[in-house]
Amino acid sequence: MKVLVPVDGSQYSEAALKVAADYAKTKGANICLINVVPFIEGLDLEISAAEREKLSASLAKRGDYIVQQACGILTAQDIISTCRSVVASVSVHGAIIEFAEKEKADLIIIGTKGLGASSRFKMGSVASKVVKHSPCSVYVVKL
């Protein structure tokens, strides 16, 4: 069984990662991690091409750091993540769904909200869209 866990460094994704770790221990599942960073190349930003490239590189570096932190949490519990990826996309939920399809994930474990979520919503728009359009089952973790 392959479990996809989107991580963004928020307390919600950390809670989802903990649930996934427990799931991996009890079910022997393989964990796959993904971080989606904004794709800014196509955006109309009033910055130079060099600054745009620098910003893209910074976002990718931050995404890689978040994935590595998540790997560290799993490794501390003797769980190996079989795949790790940082993906640039204009659609976070779209990238998660596409990645789940490509990796043939059996389950997605996702936090209810992410870094950009407003506390007034019960479930963030990314989690909601992943639930609606996912090719596999989705486990939504609340705090």
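Buried means under 20% relative accessible area, exposed over 50%, and partly exposed in between (1.4 Å probe, protein chains only). This is a predicted model, where local features need pLDDT of at least 70, side-chain atom pairs count only at pLDDT 80 or more, and totals for chains, interfaces and linings use all residues. Residues are numbered from 1 along each chain as its sequence is written, and side-chain values use heavy atoms, without hydrogens and water.

**Ser89**
- Ser89 sits in strand β3 (residues 81–89); strands (E, at least two residues) and helices (H or I, at least four) are DSSP runs numbered from the N terminus.
- Ser89 counts as buried because its relative accessibility is 17%.
- The Ser89 side chain reaches the backbone oxygen of Ser91 at 3.0 Å.
- Beyond neighbours within four places in sequence, Ser89 contacts (heavy atoms within 4.5 Å) Val36, Val37, Pro38, Phe39 and Ala95.

**Gly94**
- Gly94 belongs to helix α3 (residues 92–103).
- With 25% relative accessibility, Gly94 counts as partly exposed.
- The C-alpha atoms of Gly94 and Val126 are 8.8 Å apart, across 32 residues of chain.

**Nonpolar cores**
- A nonpolar core is a set of buried Ala, Val, Leu, Ile, Met, Phe, Trp, Tyr and Cys residues joined through side-chain atoms within 4.5 Å.
- The largest has 21 residues; Val3, Val5, Val7, Ile31, Leu33, Leu74 and Ile109 touch the most other members.
- Two or more residues each come from β1 (2–6), α1 (11–27), β2 (30–38), α2 (49–76) and β4 (107–111).
- Helix α1 gives the most to this core, six residues.
- Another core, of 15 residues, lies apart from it and includes Ile96, Phe99, Ile108 and Val130.

Key: A polar contact is a pair of N or O atoms within 3.5 Å; within protein, one must be able to donate a hydrogen and the other to accept it, and residues adjacent in sequence count only if both atoms are side-chain atoms.
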